[in-house]
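These are my notebook entries on one chain, kept in the order in which I looked things up.

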Amino acid sequence: MELHIVSIPGDGIGPEIVAEAKKVLNKVAETYGHTIEWKDILMGGASIDVHGVPLTEEAVEQAKAADAVLMGSIGGDAATSPWYRLPPEKRPEAGLLAIRKALNLFANLRPALLYEELAAACPLKEEISRRGFDLLIMRELTGGLYFGERRTTVEDGVRRAVDTLVYNENEIRRIAVKGFEIARKRKKKVTSVDKANVLDSSRLWRSVVEEVAAQYPDVELSHMLVDNCAMQLVKDPAQFDVILTENMFGDILSDEASMVTGSIGMLPSASLNDTKFGLYEPSHGSAPDIAGQDIANPIATVLSAAMMLRYSFDLDREADAVERAVKKVLQDGYRTADIWSEGCRKVGCRQMGDLLAERIC
């Protein structure tokens, strides 16, 4: 199979972690008989330095022509970088928002997996953490409160702000379909999270999700109110498989889920459109304070590449090989600085990439 992949190294530690993910993907291609055509494009601060804007139209077109996009991290130190003296629409993060919009990336996937080898870093009680968990939050990314009409007014001398939460059934249906399709690749269980006891938008959400569920009789559906879900994530995260929810709820719950794993450096993410196309990136930031020092953790980016293999190319066997390699490296006691503990062997970013590539089989 020929894979056409655009890579966006980005800023800060981005070029380092993307280089290691590419190293692992190239080893996967060699091992399983695929070829990869790589195309690098600039975005964020790197693009500002060269083109004066965080994302060019040419870069967007090159991304659209690919099968998938692998991205590092975008942005810098807001206190010191000249990028943040520019107007907001010309700052690095504006490029990320622009490419998501241009590529119609409406489905955000945020896995939260607690590795047995890292269980001690989990902030939950040992009786919970030792059970482990492997869940995925499917967040609608382009609708809801963040994209509704908003305004601030002054009425009779009193300031008044309004934000509008709007969803139509088509927006809900397409994210629900993605959720059920991905659940079929996992444990075939969807928990739809809403606030249907209060919000009309949530009542519509629940109704449409149930309509979609009828097309997937092999996938178990349950509903949960968002406040209960927040509680259950710290009480018993192992009960979840796919959590399907709207934009703001997903934003909050995915941050909560990431913290109970113990390290954001281990967390991948994906943003998908209504085809197989997706943009894959680590959940962490650009960490400019450690850029260029060969101490960044590339595992979240490598796991994002595994998600790419699984969801954009339907190469489940190859994705499994990457995930096995990560687990084997952890079992063998290798750690980057952010996840290091006594008794383990500390390695740098490049060596971690080498160790992961060596274990692809």
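**Helix α7.** I checked the length of helix α7 (residues 200-213) first: at 1.5 Å a residue its 14 residues should span 20 Å, and the end C-alpha atoms are 20 Å apart, which agrees. The expected span is taken as 1.5 Å times one less than the number of residues, and helices (H or I, at least four residues) and strands (E, at least two) are DSSP runs numbered from the N terminus. I then listed its buried residues, which are Ser201, Ser202, Trp205, Val208, Val209, Val212 and Ala213. They cover an arc of only 140 degrees around the axis, and therefore lie on the same side of α7; the arc is that of the directions from the helix axis to the C-beta atoms. Buried here means under 20% relative accessible area, exposed means over 50%, and partly exposed is in between, with a 1.4 Å probe and protein chains only. The buried residues of α7 pack against β5 (134-140), α6 (169-184), β8 (189-194), β9 (220-225), β10 (242-245) and α9 (247-260), where contact means heavy atoms within 4.5 Å.

**Basis of the values.** I note that this is a predicted model, in which local features need pLDDT of at least 70 and side-chain atom pairs count only at pLDDT 80 or more, while totals for chains, interfaces and linings use all residues. Residues are numbered from 1 along each chain as its sequence is written, and side-chain values use heavy atoms, with hydrogens and water left out.

Not counting residues up to four places away in sequence, serine 192 touches Trp205, Val209, Leu221, Ser222, His223, Met224 and Leu244. Leucine 221 itself is found in strand β9 and is partly exposed, with a relative accessible area of 25%. Leaving aside neighbours within four places in sequence, I find leucine 221 in contact with Phe180, Val190, Ser192, Val209, Glu210 and Ala213.

**Annotated positions.** I looked up "binding site" in UniProt, where an unreviewed entry lists Asp227, Asp251 and Asp255. These span 29 residues in sequence, yet no two of their C-alpha atoms are more than 14.4 Å apart, so they gather at one spot. Of these residues, the lining of the largest pocket includes Asp251 and Asp255. A pocket, on a 1 Å grid over the protein atoms alone, is an open set of points where a 1.4 Å probe fits, with protein on both sides within 12 Å along at least five of seven lines, and lining residues have an atom within 4 Å of a point. Aspartate 227 is found in helix α8 (residues 226-235) and is partly exposed at 45% relative accessible area, while aspartate 255 is found in helix α9 and is partly exposed at 41%. I keep in mind that UniProt positions are given in the numbering used here, that feature names are shortened, and that annotations may be inferred rather than shown by experiment.

**Positive phi.** Alanine 287 has a phi near 40 degrees; it lies in the loop between β12 (278-282) and α10 and counts as partly exposed at 23% relative accessibility. Aspartate 314 has a positive phi of about 55 degrees, sits in the loop between α10 and α11 and is partly exposed at 40%.

**Serine 73.** A polar atom of the serine 73 side chain lies 3.1 Å from the backbone oxygen of glycine 285, and contacts of serine 73 beyond four places in sequence include Pro9, Asp11, Ile17, Pro282 and His284.

Technical notes: A polar contact is a pair of N or O atoms within 3.5 Å; within protein, one must be able to donate a hydrogen and the other to accept it, and residues adjacent in sequence count only if both atoms are side-chain atoms.
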